[in-house]
Amino acid sequence: MKNRFRNALALAAAGAITLAGCSDPGADTGSDGPVSWPAQDADLTGTTLTIWAAQNSNTVPDSVIAGFEELTGAEVEVVTIPDPYEQGVQTKVATGDKPDLAFWQPTGSQLTALNASQNLQPLDDAPWLDAYKPELRDITGILDDTRYAALITTPAVEGVYYNKEVFAANGITATPTDWDSFVQTARDLKAAGVTPFHEMAADKWSTQWWVHVLLADAAADGLWDRVNANEEQFTDPTILGAIESYQALIDEGLFNEDIKTATFEDQGAALLAGDAAMVMQVNSYFGQLQSLADTEELNQKIGFFPISPSGNTGTFIPDQSNALVAFKTGDEQREAAARQLLSYWMGDGYQDFVNAQSTVSLQAGVETPADVPEALLSVSDSVGTSVGSMQAQAIANPDLYIYLADMIQGTKTPAEVAEATQAQFAELAKAQGAEGF
Amino acid sequence: MLAKGKAGPRHQDHPLWFLIPALAVLVVFFLVPTVFNFVYAFTDWSSFKSAINFAGFDNFTSLFTNGTLLNSLKVTLLYAVLVAIFQNAFGLGLALLLEKDTRVNRAVRVAFFVPVIMSALAVGYIFQALLKPDGALNGIIGWFTGSDVSIPWLGSTTWTIVVVAIVHAWKWMGLSMLIYLAGLKTISEDVLEAGRLDGAKRWTMFSAIRFPLLAPAVTFNVATALLGSMNGFDIVQATTEGGPGGTTELLNIYIFRTFGQGLFAQATTMSLILFLLVAILAFPVIRYLRKREDVL
């Protein structure tokens with residue numbers, strides 16, 4: 001009996017090993033080639049579309065969905081993927097679970113992370129492309145000359161949100177025009193007893209904006225191309241220097257005292273209350289401010305200016321709430337319906353959408369609603385001339401922000417931050433099969 | 001036991017093929033995933049491409065040359081040891097306090113067992129809220145001291161790991177308590193009476209008689225707490241997400257982060273390393289603890 005049991009066990013083990021032959025459950029054989037774009041109002045009764053959204057973007061499509069469902073008879077379901085959204089989506093997609101559409105950061109590194117050529121529908125000949133303002137049409141969403149993402153709102157710009165009242169009270173009448181005057185303004189404010197900058201190292205993610213902004217000139221000069229080709233590294237003087245400059249500003253005491261424990265919520269409250277004069281942030285921060293104050297108060301208190309070492313160039317970083325991608329699900333009818341929803345979103349539904357979201361229109365033919373706060377208009381004005389951030393231009397997106405937060409907590413030196421980031425970047429680039437790694 | 005040597009009739013009662021349904025479940029849900037875990041560690045599976053190629057020991061070499069893995073391993077071991085100490089200290093303390101079967105004790109035992117069946121993530125988020133600089137704990141301390149207290153309990157690069165280990169131990173101490181209680185109940189009344197007749201005081205009774213006789217419960221509790229917390233993730237993720245400054249980044253959190261980056265094969269390699277670490281640690285720990293039972 002013992003022998004037979006052993007045999008059975010051996011058989012089972014052998015079977016298991018055979019089953020374990022390598023295959024990627026996320027791989028899908030979608031059909032490529034030219035696709036048709038159904039009319040925006042084509043009948044879709046009986047079709048259900050799923051949109052994956054993050055906790056901060058799951059109400060964004062509401063007005064579009066209402067309009068689309070009424071127009072076509074389709075049913076659109078929004079599924080919220082818990083934070084961290086990108087990780088959750090990537091994991092699901094890797095195991096073969098796909099929605100019809102998803103909010104997604106339209107950058108090269110994040111499209112690569114979704115294995116775009118395999119999993120996403122190309123949107124090259126989308127009907128709404130010509131409606132974009134010319135400077136925004138090709139700013140992002142494109143990987144290897146193929147368009148995979150539909151930009152729906154102004155891409156986020158990294159820059160300085162400041163409290164106008166604090167500036168005025170301290171006799172600052174003009175916003176800084178380059179890095180030196182920016183830091184000088186901070187020192188003047190500190191001398192006057194005001195906390196110049198606010199950073200939130202407990203929530204980590206905004207720490208990288210400082211380094212990106214410090215690299216804006218280098219980015220315009222092709223820094224990320226060189227990093228992508230492994231000709232330059234994070235540990236080389238340019239990027240390491242930016243990390244060291246950031247550390248030096250913190251050491252100088254220009255930041256809030258509770259920098260190690262401060263959170264995103266704290267940051268919004270601090271700027272509105274004037275506890276800090278300036279915050280280096282992106283558009284979602286303004287969303288946080290909007291949840292704390294109305295447009296009138298925001299217009300009165302909050303301003304925005306882009307900054308770079310040599311001037312006022314912004315650094316753009318499209319995020320997950322700015323764009324959507326359409327998945328190859330293998331069901332042609334639903335794939336077409338997903339394209340149709342995007343056509344409607346960026347077509348007949350777009351005016352309603354920008355009105356409902358009180359956001360800046362990307363299209364020349366669609367008016368930006370009058371209730372968009374001034375700071376957001378400044379942000380949107382800076383997009384056209386801005387340079388790409390690491391996420392927008394590098395082929396991979398290492399956890400620079402985590403390592404910078406470690407630096408603020410005191411467990412890493414700037415050199416260690418650069419080393420850890422470079423090591424992770426190289427791993428990711430190697431996994432992608434990038435040349436030079 | 002009686003059937004020994006009489007395999008014939010027993011075999012007819014229970015033919016081997018009866019095992020097949022159970023075996024199928026075991027193979028599909030346990031054996032295959034484990035084997036996959038081994039196989040994928042030697043490939044270059046990632047979210048960036050659909051082909052999966054054999055990569056040899058590439059993942060292992062790149063992981064061991066990267067300091068983050070070793071740091072996570074250190075943190076994981078420290079965390080496991082801290083949890084094992086706290087969970088057993090709390091559990092044993094509770095068991096001794098609530099040993100008598102009074103009505104109150106029964107109710108209190110239930111209360112202490114409730115966290116065990118609570119969702120670990122929920123526990124983590126509750127403690128995260130309690131331990132914030134402007135959270136309830138500081139509020140209570142501030143009320144007693146009459147001053148404004150804003151201690152960042154989860155913000156110290158030295159002590160946060162201890163705080164998080166205590167939270168973990170708090171959640172599981174009810175289970176340890178239950179097992180220690182069961183252990184205490186199995187101690188023969190005769191032995192205890194003999195001890196008392198010999199004039200043993202309370203402390204001697206505990207240190208010389210009851211604690212040594214609890215050895216099997218200690219073995220189980222220490223081993224499960226130590227090895228179980230090496231697989232810790234949810235409580236730490238909910239309270240600190242591995243921060244501040246990476247000082248609570250358990251291996252599982254690092255695996256989660258690596259997997260989220262799309263480096264699936266590397267994440268698998270790390271989980272294989274964790275598996276091996278737990279296995280390697282389990283044998284000497286359990287052997288040592290079993291040795292203590294030899295006196296029984």
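Tutor: Start with how elements are named: helices (H or I, at least four residues) and strands (E, at least two) are DSSP runs, numbered from the N terminus. The model is predicted, so local features need pLDDT of at least 70 and side-chain atom pairs pLDDT 80 or more, while totals for chains, interfaces and linings use all residues. Residues count from 1 along each chain as written, chains are lettered from A and ligands numbered from 1 in written order, and side-chain values use heavy atoms, without hydrogens or water.

After helix 9 of chain B comes Gly199(B), with a positive phi near 85 degrees.

Now the interface. Chain B brings 41 residues into contact (heavy atoms within 4.5 Å) with 39 residues of chain A. About 3400 Å² is buried between chain B and chain A. That figure is the accessible area (1.4 Å probe) the two parts lose on being put together, summed over both. Carbon and sulfur atoms give 62% of the area buried between chain B and chain A. On the side of chain B, Phe48(B), Arg257(B) and Gln261(B) lose the most area to chain A. Together these three account for 19% of what the chain B side buries.

Which charged pairs cross over? The count between chain B and chain A is 2 salt bridges. A salt bridge puts a side-chain nitrogen of Lys or Arg within 4 Å of a carboxyl oxygen of Asp or Glu. One joins Asp58(B) to Lys430(A), with N and O 2.8 Å apart.

Polar contacts cross here too: 11 residue pairs between chain B and chain A, both residues at pLDDT 80 or more. Four helices of chain B each give two or more residues to the side that touches chain A: helix 2 (20-40), helix 3 (58-65), helix 13 (251-260) and helix 14 (264-293). Helix 2 of chain B gives the largest share, 8 residues. By class, the touching side of chain B has 20 nonpolar, 17 polar and 4 charged residues. A polar contact is a pair of N or O atoms within 3.5 Å; within protein one must be able to donate a hydrogen and the other to accept it, and sequence neighbours count only if both atoms are side-chain atoms. For the classes, Ala, Val, Leu, Ile, Met, Phe, Trp, Tyr, Cys and Pro are nonpolar, Asp, Glu, Lys and Arg charged, and the others, Gly among them, polar.

Step back into chain B. Gln237(B) lies in helix 12, residues 234-239. Gln237(B) counts as buried, at 14% relative accessibility. The cut-offs are under 20% for buried and over 50% for exposed, with partly exposed in between (1.4 Å probe, protein chains only). Leaving out residues up to four places away in sequence, Gln237(B) touches Ile253(B) and Phe256(B). Val81(B) is in helix 4 of chain B, residues 67-97. Val81(B) is partly exposed, at 40%. Val81(B) lies 176 residues from Arg257(B) in sequence, and their C-alpha atoms are 23 Å apart.

Chain B also has a salt bridge of its own. The side chains of Glu99(B) and Arg210(B) meet at 2.8 Å, N to O. This pair links distant parts of the chain, 111 residues apart: Glu99(B) is in the loop between helix 4 and helix 5 (103-117), Arg210(B) in helix 10 (202-213). Glu99(B) is partly exposed at 21%, while Arg210(B) is buried at 18%.

Finish on the other partner. In chain A, Lys301(A) pairs with Glu297(A) in a salt bridge, the closest N and O atoms being 3.0 Å apart. Both lie in helix 15 of chain A (295-301), 4 residues apart, about one turn. Lys301(A) is buried at 16%; Glu297(A) is partly exposed at 26%. Another salt bridge joins Asp138(A) and Arg137(A) at 3.6 Å. Over all chains, the structure holds 18 salt bridges.
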